[in-house]
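Colleague: I am new to this one. Can we go through the terms and what backs each of them?
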Amino acid sequence: MTAPAPPPGRRPVRRFRSARRIPAALVALVLLAAAGLLLYDLVAVRAGRPALQWRRGLADALDRYAPADPEVLVAAGVLAAIGAVLLVLALAPGLRRVLMMLPPEPEPPQKSAAEAAGEGGGAPAAGVRAGIGRRDAARVLRDRVMEVPGVRSARVRVRRRRVAVAATSHFRELDDVRADLQRVLAAGIGELALAHPPHPRVRVARAAAGKR
């Protein structure tokens, strides 16, 4: 049994984007320090002082190597790969631990716009998005799993595309427990109203004799 699919006619739900304040602050500080050091060196050279050692060494290295040298090509390839990875990470939404939920269905208009504005209530505003953390979703589903007769313990892990459940049973047939778990999980995932419902995967084992 698989999780129910989202109802047709819904708009695709956009994921929340991470603010990335700490990485942005670190990158800004590094760029500021590098720009300040370079500016200081240029001003010192203009004032008649010798350039810093690192800039003289860099100039000597660039003078020794040609663009077609293997070392230069390897360094350029490594820097290009790092830049591509950083660009993909910057464009990715992030917040992979948050599962997006379906927006509420718009209610049919029953009153005029003036009456709705006068009352100050009504349907939710367009563009409202909601999400639930993976751990919170796992707690909700685990509570549902523990209600199944015969389940002694259970471990639930929620991923973006799959819900893994490992349960132990101290009585009843394992096939019956597994069937009930799949039914309960399908219902629980449907109640979460996720935009992309994950598929449940259930494993049931017999509890140890000393723990029954």
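Predicted model: local features only at pLDDT ≥ 70, side-chain atom pairs only at ≥ 80, totals over all residues.

Colleague: What elements make up the chain, and in what order?

Modeller: The chain has six helices and five strands. From the N terminus the order is α-α-α-β-α-β-α-β-β-α-β.

Colleague: How much of the chain is buried?

Modeller: Buried residues account for 20% of the 212 residues. The accessible surface is about 15400 Å², with 61% of that belonging to carbon and sulfur atoms.

Colleague: Which share of the contacts joins residues at least 24 apart?

Modeller: Take the contacts between residues at least 6 apart in sequence: 69% of them join residues at least 24 apart.

Colleague: How do you know that the span of helix 5 is close to the expected one?

Modeller: Helix 5 covers residues 134–146, which is 13 residues. From first C-alpha to last it reaches 18 Å. The expected value, at 1.5 Å a residue, is 18 Å. The span is therefore close to what is expected.

Colleague: What makes you say that the buried residues of helix 5 line one face?

Modeller: Those residues are R134, A137, A138, L141 and V145. Seen down the axis of helix 5, they fall within an arc of 100 degrees, so they line one face of the helix.

Colleague: What covers the buried residues of helix 5?

Modeller: The cover includes strand 1 (98–101), strand 2 (130–133), strand 3 (151–158) and strand 4 (162–169). Helix 6 (174–192) is part of it too.

Colleague: How many residues are in the largest nonpolar core, and which have the most contacts inside it?

Modeller: The core has 23 residues. Those with the most contacts inside it are L141, V145, V151, V156, V158, V163 and L181. Helix 5, strand 3, strand 4, helix 6 and strand 5 (199–206) each supply at least two residues. The largest share, six residues, comes from helix 6.

Colleague: Which residues does V145 touch?

Modeller: Setting aside residues up to four places away in sequence, V145 touches V151, A154, V165, L181, V184 and L185.

Colleague: Why is A154 called buried?

Modeller: The cut-off for buried is under 20% relative accessible area. A154 has 11% relative accessibility, so A154 counts as buried. A154 sits in strand 3. Beyond four places in sequence, its contacts are R142, V145, M146, A166 and A167.

Colleague: How far is the C-alpha atom of A154 from that of V165?

Modeller: 6.8 Å, although the two residues are 11 apart along the chain.

Colleague: Why is A205 called partly exposed?

Modeller: Partly exposed lies between the 20% cut-off for buried and the 50% cut-off for exposed. A205 is at 38%, so A205 counts as partly exposed. A205 lies in strand 5. Beyond four places in sequence, A205 is in contact with A167, T168, S169 and L174.

Colleague: What is phi of A193, and where does A193 lie?

Modeller: Phi of A193 is near 55 degrees, again positive in a residue other than glycine. A193 is in the loop between helix 6 and strand 5. At 28% relative accessibility, A193 counts as partly exposed.

Terms used: Residues numbered from 1 in each chain as written. Heavy atoms only, no water. Helix = DSSP H or I, 4+ residues; strand = E, 2+ residues; numbered from the N terminus. Buried < 20%, exposed > 50% of the residue type's maximum accessible area, 1.4 Å probe, protein only. Arc of directions from axis to C-beta. Contact = heavy atoms within 4.5 Å. Core = buried A, V, L, I, M, F, W, Y, C linked by side-chain atoms within 4.5 Å. Areas by Shrake-Rupley, 256 points an atom, 1.4 Å probe, with all protein chains shown as cover.
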